[in-house]
Amino acid sequence: MVNPNLIEINEITGIYTFLQSIDWYDPWLIGLISFHIIITSTALLTRNYSNFQVFLFFILLLLVYFSESINEYAAINWRMFSKQQYFDSKGLFISVVFCVPILLNCMLMVGSWLYQSTQIMTKLKTAQLQQQIKINKSCSKECVKEE
């Protein structure tokens with residue numbers, strides 16, 4: 001049964017009308033949104049655990065890689081979990097509601113890694129400069145004693 005408040009496919013002219021055509025109260029979509037919230041929270045909360053983040057990063061990239069297969073499976077079996085068929089042959093729906101949020105999480109993780117790298121490089125350079133100052137001071141004291 002099709003909801004009369006939804007937009008027909010031929011009426012979709014842009015991303016806004018596309019998003020309006022989605023029944024966001026479909027239970028599996030609520031589950032998908034919850035999944036994205038959990039993944040984003042996990043990415044943020046584990047930013048200091050690099051091994052786990054690398055694991056999560058590769059799992060997320062694998063999900064994006066297999067999204068075409070997921071889309072094909074969902075297009076065949078959509079009646080088992082959805083009220084209407086969202087899974088088109090070009091993969092627009094799965095790209096917008098599944099892949100884009102995952103890729104944004106991956107970008108968040110890469111940004112976090114770059115930030116952490118700059119912090120480590122700054123600390124390293126500061127330590128090197130302090131070591132160099134210490135060496136120069138000890139050398140200058142020895143040079144003064146020799147004269």
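Predicted model: local features only at pLDDT ≥ 70, side-chain atom pairs only at ≥ 80, totals over all residues.
## Ground rules

Residues are numbered from 1 along each chain as its sequence is written.

## The fold

Follow the chain along and you'll read α-α-α-α-α: five helices and zero strands. Helices here are DSSP runs of H or I with at least four residues, strands are runs of E with at least two, and both are numbered from the N terminus.

Now for contacts (heavy atoms within 4.5 Å). Among those with a separation of 6 or more, 64% join residues 24 or more positions apart.

Of the 147 residues, 26% are buried, meaning under 20% relative accessible area with a 1.4 Å probe, protein chains only. The protein exposes about 11,100 Å², and carbon and sulfur atoms supply 66% of that; the areas come from the Shrake-Rupley method with a 1.4 Å probe.

## One salt bridge

You'll find one salt bridge here, that is, a side-chain nitrogen of Lys or Arg within 4 Å of a carboxyl oxygen of Asp or Glu. Lys83 pairs with Asp23, with their closest N and O atoms 3.9 Å apart. The partners sit 60 residues apart: Lys83 is in the loop between helix H4 (67–76) and helix H5 (92–146), Asp23 in the loop between helix H1 (15–20) and helix H2 (27–45). Asp23 is buried, at 13% relative accessible area.

Conventions: Heavy atoms only, no water. Buried < 20%, exposed > 50% of the residue type's maximum accessible area, 1.4 Å probe, protein only.
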